[in-house]
Structures are given as C-alpha cells and as structure tokens.
Amino acid sequence: LRAAGEEEYANPRNLAAGTLRQLDSSVAAKRKLQFFAYDIDELSTGMCITQDAELDYLKSLGFMVNANSKVVNDIHEVQNVYDGLVEKRNHFDFGVDGMVIKINERNIFEALGYTAKSPRGGIAYKFPAEQAVTVVESVTFQVGRTGAITPVANLKKTLVAGSQVSRATLHNQDEIDRLDVREGDTVIIQKAGDIIPEVLEVVLSLRPSNSKKIVFPKSCPVCQSDLGKIGDSVAVYCLNPDCDAKHLEGLIHFVSKKAMNIEGLGEKIIEEFRELRLITDAPSIYKLKVSDIEDLFGFGKKSAENIIDSINKSRNPELDNFIFALGIRHVGEVSAKLLAKHFKTFTDFQSATEENLLEVDGIGEESVKTILEYFANKKNQALLESLLKEVKVRDFVSTNMSSKLEGKTFVITGTLSESRDKYKKMIEDNGGKVSSSVSKKTDYLLAGEEAGSKLSDATKLGIKILNENEFKQLL
C-alpha cells in the first residue's frame, strides 16, 4: 500500500483477522499474510528437548521463525532482552505488543501443564501500552446479563493503537474512587493488551472548575429496582430478576457463537426484534417465521430466509453449548464443557443435587450454588419447559478411542519419559479420569522416577502402582 501511494491500514491485528475471514480467497492471497512458527503440537520422543532446538528444527523445515528469540539464564537477562525490544518495537515490519518468556526445557514446560487458556510454562511480558489524552464527556451505566452495573466513560473520540476510541469501562465504584475521575476531566487512556480501552489516570492540573463527580445510581438505570452486592463481589447488581436489560443481554448471549450460534441474529437485530415484540424470550426465537421479518426495513425475503435457516440449524445443540447458552452465573464456556462431560445428558444435569455437582472436577461451590438457584427458579423452569419443546439437546458423546479405562481414576507422579499431559490425554481418551491427589477413590498411580510423597500415600492405601510399561500394557 505504501509503495502504491495508498492509505495504509491502521491496525495490523484487525487487518490480519479481517483478511482471514474473507470469503473470497483471492482477496486474502493479495494481502500476502505471513506467520512465524514457534511450536509443533507433538514431537517424537527425544526430538527437540528444548524450545530453541525446536525453533532450529522448524527453520530447517522451511518455516519462518522469529529471529528475536534468545536463551537467557536469569531474570536480569530477561529484563535486558525486554528493554532492547521496547526500543526496537516500532521498527519491526509487524505489530508487536510484548514478548513471551518460556521455560526452555520442553519436558519441564509440558509437566507444568495448561490452564483453560494458556500454558503454565510461559508468560506474556507486555510492552507499555500506547497512550493518548482525551476528555470524559459523560458517564453512563450499563446493565449486564447477570445484572452487574458497569459505569462506562463516553470519551471525546481519539486515535489509540490504530483505532478510534470513544468509550472505556470504569469497571465499578471502587475504580472510580481510586482514579477520582469526573465528568469533564482530561484523562490518559490506553488499550489494555492493545485491545480493551481503559482510563489510566486523570490529569488533575487540567480539571475544569465545573467538573461533576460521578454518582453511582441508587437504583437500576433500566428498571429502577434496588441495587445491591452479591457475596464478596465488588460489583453492584440489579436485584430484579425480571429486569428488561438482563433479559436483553441474556438473549444476546443465548444466540452468540459459543452458545446457540444463530448467525444473522446480532445484537442490533435482537434489540430491534424485541422492540417490535417479535421475540420476548429464548423460546420465542424458534417461533419466528419468514413473513415476520421479510417486510421489515433493511430485510427482504432472502435475508429473512437465511435467519430462519440459521435458527433451525440451532435446534439440535451440543450439550455444552446449550448449558453455556442458558447464561447461568459462574458457568462459563469451560465450566459448561466440564458439566456436559460429567452428566452426559441435560436431564441428568438439570436434576443434579448439590452432592452430584460437587463431584465435578473444576466446578466450585459458587458455581454449584448458582446452578441450583437457577433450576429452583419457577420462571426458569417454565422457560426451559417451553424451550425444550423447540430444541432437542444432544447428549454428550465422548470422543474417546476406547472405554478401557471407564470409571478408573489415575494420579500421575514422578519424572516420565513423556509429558504428563500426554499420559493424561491417553487416560482420558480411553475413558479414564486424572486427579491431582491420591485418595481412597484413586484406582491407579502412574509413577515415574523420583515419585515422592504420592507414591508413599498410594502404598499406604494399597493403590495399584504402575510404571510406564505396565500402564501401556493396561491399554
């Protein structure tokens, strides 16, 4: 673009994401995206025992590898590399917002395992975010799906990290008090992680004499019901279960990609259909007809048919997607998968007791409490009864290779020839479960070298102890 004298794209992240979503592959091809390879999903035993050896191997295979990687020996060297990259960050031919620090020995890296989103053996060290100065013109209060009241600063539009920013969350009353931010204030803003706009600090020397303190509402800005706190949360919630804003946000969540995935029903269309009383709740979505939509402004027969087709495609959701779509507080995408895998059917999940729910690894007491409250609510019961007449939720189907280890619980300890994650996957792929600690419920201990206290505990409890060869024979 620069060579052709055309206007350049402002944000490389958005350009790359938009290019990959292009339906016309020739458009994507013209943009000539490139990528740096940094990992191979699975390697044969003994190959590339360190991260830097893996990068060399990738390079020998013909992949592009980032030349700025470096092996260091202590935290001071890490900081020196970081400081050098901060100085060079604006001179690279690609956008960059930080570096990743990783444990070089792959066996240690793998042994540390993964959270739902990232490996424990690596951590991002972000560069200072690009900042800009703007003015808080007003503050509005939004009501979320769970009823949480979020103050939002409406800003004088300004360019930050390649995009125009006009709004930033102020999170809650504690954050407003900490910043001492007021309407009319000049503020410094940045994008957290180069993505989410946030107010960093107030320029007090530029505060106008008529600036107004932000007063948190005493009642819900939508339904005027009482506000209050739930548990130890710093957030303030609308306590009205029938708040219109909660219902709207709940519907937007219900149709979203990771929930029922109803394409064509975006936020604006959901709002419009609710205002026109075409939909009132989740079950009413499935009663929509082409004739309800085709004569609306901005629609036509084809676009109406596309929406109805998408609605019909969502009538047989996977169990975890359906659980997530219900919008139960504290039940996110990962929790929904854990619940689906444990209970297998929606009927069993719906009828689960507190004791049943506490048996699910990864589901805490707060989640158990909100699940039980959700199913005990009479209005939720009536809504589910109507909804289940429109959709048929698929039972959870295991992708296991076999059921040889069905019902068996393993604990893995010690140093093994392959990563613990690999053994964990083998156990789960064959129907078994992996626990982090030895107990009476443990069936087998898979023990490597230097097994430690878990081996002693298993011996005392009379639990069957396997080495790697014995485990593979068991399969």
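Residues are numbered from 1 along each chain as its sequence is written, and side-chain values use heavy atoms, with hydrogens and water left out. Because the model is predicted, local features need pLDDT of at least 70 and side-chain atom pairs count only at pLDDT 80 or more, while totals for chains, interfaces and linings use all residues.

The protein chain holds 20 helices and 15 strands. Helices (H or I, at least four residues) and strands (E, at least two) are DSSP runs, numbered from the N terminus. The C-alpha atoms fill a box of roughly 70 × 60 × 50 Å along the principal axes. Of the 475 residues, 37% count as buried. Buried means under 20% relative accessible area, exposed over 50%, and partly exposed in between (1.4 Å probe, protein chains only). The accessible surface of the chain is about 28600 Å², and carbon and sulfur atoms supply 50% of that surface. Accessible areas come from the Shrake-Rupley method with a 1.4 Å probe; for residues, only the protein chains shown count as cover. Among contacts with a separation of 6 or more, 54% link residues 24 or more positions apart. Contact means heavy atoms within 4.5 Å.

Strand β7 spans residues 186–192. Because 6 of its 7 residues are buried, β7 is largely enclosed by the rest of the structure. Strand β3 (residues 131–143) pairs with β7 in the antiparallel sense over 5 bridges. Two strands pair if DSSP finds at least two bridges between them. Val133 has Ile188 of β7 as its bridge partner. Strand β8 (residues 196–202) also runs antiparallel to β7, joined by 6 bridges. Here Lys191 stands opposite Pro197 in β8.

Helix α18 covers residues 420–429, with Tyr423, Ile427 and Asp429 buried. The cover over its buried residues includes strands β12 (409–413), β13 (433–435) and β14 (444–447), together with helix α20 (468–474). At the start of α18, a side-chain oxygen of Ser419 comes within 3.1 Å of the backbone nitrogen of Lys422. Just after the helix, Gly431 adopts a positive phi of about 90°.

Phe35 lies in the loop between α2 (25–31) and α3 (51–60). Phe35 is exposed, with a relative accessible area of 55%.

Key
Polar contact = N/O pair within 3.5 Å; in protein donor to acceptor, adjacent residues only side chain to side chain.
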